[in-house]
Amino acid sequence: MPKPLPLRRIRDISFPPPPVLAEPDGLPDRTSLRLNLNESRLPASPRVAEAVARVVGDANTYPDHGCTALGALITRRTGVGADRLSFGNGSAELLVAAAMIAMEPGDEAVFPSPTFPTCAKGVQIAGGSIVNVPVTADGSHDMDAMLVAVTEKTRLFYICAPNNPTGGVVPADDLDRAIADVPTTCLLVIDEAYAEFAAHEGSADVLTALQSRSGPWVVTRSFSKAYALSGLRVGYALCSDTDIQHGLWQLRPNFNVNRVAQAAAVAAMSDTAHLDYILETTIRERQRLAGALTELGCRPFPSGANFLTIEMPVPSADVADALAAERIHVQSLPWPAGNGSLRITIGPAEEMDAVIAAVRRALEAAR
Ligand SMILES: *Cc1c(COP(=O)(O)O)cnc(C)c1O
């Protein structure tokens with residue numbers, strides 16, 4: 001009997017697609033406040049629009065599959081050579097590919113829980129199994145427990161630094177322990193989608209720490225968050241060696257990073273003053289939001305990212321519904337046990353004022 005299609009393991013993928021935000025007019029709805037996807041609420045560098053205008057006339061030609069200009073800039077910033085870089089249509093594509101180069105049916109992968117689902121989705125695509133290790137009470141990785149969960153079947157170990165959806169950074173000693181103790185037969189994947197925010201506040205330097213690792217690793221980074229290019233879909237991977245890089249390139253769909261996206265990423269990465277403006281505004285407003293919601297009886301978790309996750313004194317889904325009724329969209333999480341929490345993307349002061357006022361109204365109504 002031929003197997004029914006699609007394949008069982010594909011049909012059984014348990015991670016849902018992202019929310020569809022239909023745009024019948026081809027533009028995002030500006031009458032609602034989107035604080036549920038961790039996009040940048042501040043626009044990209046003005047140099048991006050200029051760069052896009054310069055290249056869009058060449059839309060009839062395929063882009064540079066090698067992403068030469070972008071790669072050269074990334075090499076200058078990171079010291080990682082072009083032969084250890086790969087590029088994705090968002091870092092999500094690279095997180096799936098990282099799982100696919102490491103996993104076969106029967107293999108295991110260790111993840112913190114909750115965390116960003118895309119690498120785990122890659123594990124399911126590859127037919128591997130996911131071993132979830134609950135995060136600590138403050139939303140950090142429980143690195144001891146994660147390392148204990150490693151078996152002879154483990155081929156991938158995932159760290160999300162800072163972790164989405166909790167916000168927790170990975171302390172230097174936890175990072176060093178993982179780098180030393182994750183077996184050399186196992187791919188260490190470090191998802192640094194929020195690296196720029198964490199680095200701005202002095203978090204452990206992942207690339208420097210990885211210099212001591214003898215086993216394989218992949219670090220993924222994104223242009224969707226600090227560089228404010230979610231809509232153009234660009235991410236990159238830094239690899240331990242050229243074999244791992246070759247594996248990621250084998251899985252790259254041809255011309256997966258388009259011409260406009262490459263030019264935009266170069267322009268955004270070149271404008272360090274604009275990056276600093278986004279980082280400083282975001283971190284300042286995140287701290288202000290944390291203070292204001294603490295005064296309302298909520299409990300913010302430590303965050304090193306462009307969002308804040310806050311434990312609610314009443315069921316978080318009810319607060320999220322009340323905010324949605326005011327066209328303010330935030331993400332309600334079932335973590336931690338009890339009332340759960342809200343994950344709120346940080347935006348400029350006026351947006352944070354609106355969210356603080358709406359949470360105050362929702363809590364007053366619930367009490
Ligand atoms: C947003 C996010 C990504 C995906 O980013 P893209 O580059 O837009 O695909 C990856 N990892 C984490 C932890 C994220 O929060």
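Helices and strands here are DSSP runs, numbered from the N terminus: a helix has at least four residues, a strand at least two. The model is predicted.

Most residues other than glycine have a negative phi, and most peptide bonds are trans.

**Cis peptide bonds**

Start with serine 113 and proline 114. A cis peptide bond joins them, with omega about 0°. Proline 114 sits in a loop.

Move on to asparagine 164 and proline 165. Their peptide bond is cis as well, with omega about 20°. Where does proline 165 lie? Its place is in the loop between strand E5 (154-160) and helix H7 (172-181).

| Cis peptide bond | Omega |
|---|---|
| serine 113 – proline 114 | about 0° |
| asparagine 164 – proline 165 | about 20° |

**Positive phi**

Cysteine 67 is not a glycine, yet its phi is positive, about 45°. The residue is found in the loop between helix H2 (46-55) and helix H3 (68-78). Is cysteine 67 buried or exposed? Its relative accessible area is 0%. Buried means under 20%, so cysteine 67 counts as buried.

Phenylalanine 255 also has a positive phi, near 55°, and is a residue other than glycine. Its loop runs between helix H10 (242-250) and helix H11 (259-270). The relative accessible area of phenylalanine 255 is 32%. That value falls between the cut-offs of 20% and 50%, so phenylalanine 255 is partly exposed.

Definitions and conventions:
Residues numbered from 1 in each chain as written. Predicted model: local features only at pLDDT ≥ 70, side-chain atom pairs only at ≥ 80, totals over all residues. Heavy atoms only, no water. Buried < 20%, exposed > 50% of the residue type's maximum accessible area, 1.4 Å probe, protein only.
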